[in-house]
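Here are my notes on this one, as numbered points. Have a look at the model first, then read on.

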Amino acid sequence: MLTVVTSLGKTPGSTTLAAAMCALWAQQRQQPVMVEMDPAGGDAAGWWSLPVEPGVLSLVGHLAATGHASLEDLRTHCQDGPGGIRVAVLPPGGDGLARTVDDLGSQWSWV
């Protein structure tokens with residue numbers, strides 16, 4: 001199952017909602033993966049004191065090098081967040097994140 005949580009503009013709450021949904025699914029013995037895609041930068045790394053890599057940027061590097069990514073590749077670029085959440089984080093703020101996210105979206109190919 002794929003669930004996408006987004007906002008209509010710069011409204012707050014989509015990352016919080018996604019994290020809450022993943023935490024609930026983890027309690028039900030699911031294996032949720034949360035991928036931050038906010039062009040303004042990520043929140044989860046700051047919230048949960050996680051390093052910025054592995055994360056979305058290392059996943060983009062893998063995708064650029066290989067031209068594709070599997071679900072297992074995605075999981076290797078994730079970290080353990082609280083409550084059983086696996087998360088691919090973005091660095092908070094910074095230049096180039098919007099372009100990186102756009103590049104990831106346009107190049108993604110599942111195998």
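1. Burial first: of the 111 residues in the chain, 33% are buried (under 20% relative accessible area with a 1.4 Å probe and protein chains only; exposed is over 50%, partly exposed is in between). The chain exposes about 6,600 Å², and carbon and sulfur atoms supply 55% of that (Shrake-Rupley areas, 1.4 Å probe; for residues, only the protein chains shown count as cover).

2. Housekeeping: this is a predicted model, where local features need pLDDT of at least 70 and side-chain atom pairs count only at pLDDT 80 or more, while totals for chains, interfaces and linings use all residues. Residues are numbered from 1 along each chain as its sequence is written, and side-chain values use heavy atoms, with hydrogens and water left out.

3. The fold has five helices and three strands, in the order α-β-α-α-α-β-β-α from the N terminus. These are DSSP runs numbered from the N terminus (helices are H or I, at least four residues; strands are E, at least two). Take the contacts between residues at least 6 apart in sequence: 63% of them join residues at least 24 apart (contact means heavy atoms within 4.5 Å).

4. What makes up the largest nonpolar core? It has 10 residues: A18, A19, C22, M34, A44, A45, L50, I85, V87 and V89. The elements giving two or more residues to this core are α1 (14-27) and α2 (44-47), and α1 has the largest share, three residues. A core here is a set of buried Ala, Val, Leu, Ile, Met, Phe, Trp, Tyr and Cys residues joined through side-chain atoms within 4.5 Å. A second, separate core of nine residues includes V56, V60, L74 and L90. As background, nonpolar side chains in soluble globular proteins tend to be buried together.

5. Leaving aside neighbours within four places in sequence, M34 is in contact with T15, A18, A19, C22, A44, W48, I85, R86, V87 and A88.

6. Helix α1 passes a geometry check: its 14 residues should span 20 Å at 1.5 Å a residue, and the end C-alpha atoms are 20 Å apart, which agrees (the expected span is 1.5 Å times one less than the number of residues). Its buried residues are T15, A18, A19, C22 and A26. They cover an arc of only 100 degrees around the axis, so they sit on the same side of α1 (the arc is that of the directions from the helix axis to the C-beta atoms). Their cover includes β1 (33-35) and α2. Just after α1, R29 takes a positive phi of about 65 degrees.

7. The peptide bond from E53 to P54 is cis, with omega near 5 degrees. S49 is not a glycine, yet has a positive phi of about 50 degrees; S49 is exposed, with 67% relative accessible area.

8. V56 belongs to helix α3 (residues 56-66) and is buried, at 0% relative accessible area. V56 and V35 are 21 residues apart along the chain, with their C-alpha atoms separated by 7.3 Å.

9. How many salt bridges are there? The count comes to one (a side-chain nitrogen of Lys or Arg within 4 Å of a carboxyl oxygen of Asp or Glu). D80 pairs with R86, the closest N and O atoms being 2.8 Å apart. D80 is exposed at 54% relative accessible area, whereas R86 is partly exposed at 24%.
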